[in-house]
Amino acid sequence: MTIHIRPEIEGLKDTIISTRRDIHQHPELAFDEHRTSKLAAERLESMGIKVQTGVGKTGVVGTLKGARDGKTIALRADMDALPIQETSEIPYKSKNDGIMHACGHDGHTAMLLGTAEALSKNAKKLNGTVKFFFQPAEEGQGGAQYMIEDGALDGVDEVYGIHLWNCQKYGT
């Protein structure tokens, strides 16, 4: 299988991988994603993206307005880890005893930050608005509902999520 990666994303590959590894080393359970939320908010702000924190308790919403009117599209990633002891010996293994990103949410967050960076560099070409949802507590704690109750979906026309598969195979 051939995977074609757009040049603007390929240029962010190292940043996306290092972000994922950093988040992997510092996993946080549902509604305790304080470090991850802070990382997401700071990165979005550094890209010139408007940021709202504390959405759905520990969630983050970034808003990027394009140059022209259009739909509002939301892209969503989850941030929480699981109460599982990591036993691998990878150099970026979890530093938090009994907690690990066994479900790929570290990669989801890193990929969404990479997407936000690529889109922020091309905001003048965008029609409409892109919202970036960094959702807490996806693993059974109802984080999406808390974000909805806090108004995250207000004015949003469509929402898309992302998901990894077999990231270890590719050395990320």
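Colleague: What makes strand S2 (residues 59-65) largely enclosed by the rest of the structure?

Modeller: In S2, 6 of the 7 residues are buried, so the strand is largely enclosed. Buried means under 20% relative accessible area, exposed over 50%, partly exposed in between (1.4 Å probe, protein chains only). Strands (E, at least two residues) and helices (H or I, at least four) are DSSP runs, numbered from the N terminus. This is a predicted model: local features need pLDDT of at least 70, side-chain atom pairs count only at pLDDT 80 or more, and totals for chains, interfaces and linings use all residues. Residues are numbered from 1 along each chain as its sequence is written, and side-chain values use heavy atoms, with hydrogens and water left out.

Colleague: How do you know that S1 and S2 pair?

Modeller: Two strands pair if DSSP finds at least two bridges between them. Strand S1 (residues 50-55) and S2 have 5 bridges, in the antiparallel sense. Threonine 53 stands opposite valine 60 in S2.

Colleague: Which strand holds another bridge partner of valine 60?

Modeller: S4 does, with phenylalanine 134 as the partner. S2 and strand S4 (residues 127-135) pair in the antiparallel sense over 6 bridges.

Colleague: What makes the pair of serine 18 and threonine 15 a polar contact?

Modeller: A polar contact is a pair of N or O atoms within 3.5 Å; within protein, one must be able to donate a hydrogen and the other to accept it, and residues adjacent in sequence count only if both atoms are side-chain atoms. Here a polar side-chain atom of serine 18 lies 3.1 Å from the backbone oxygen of threonine 15.
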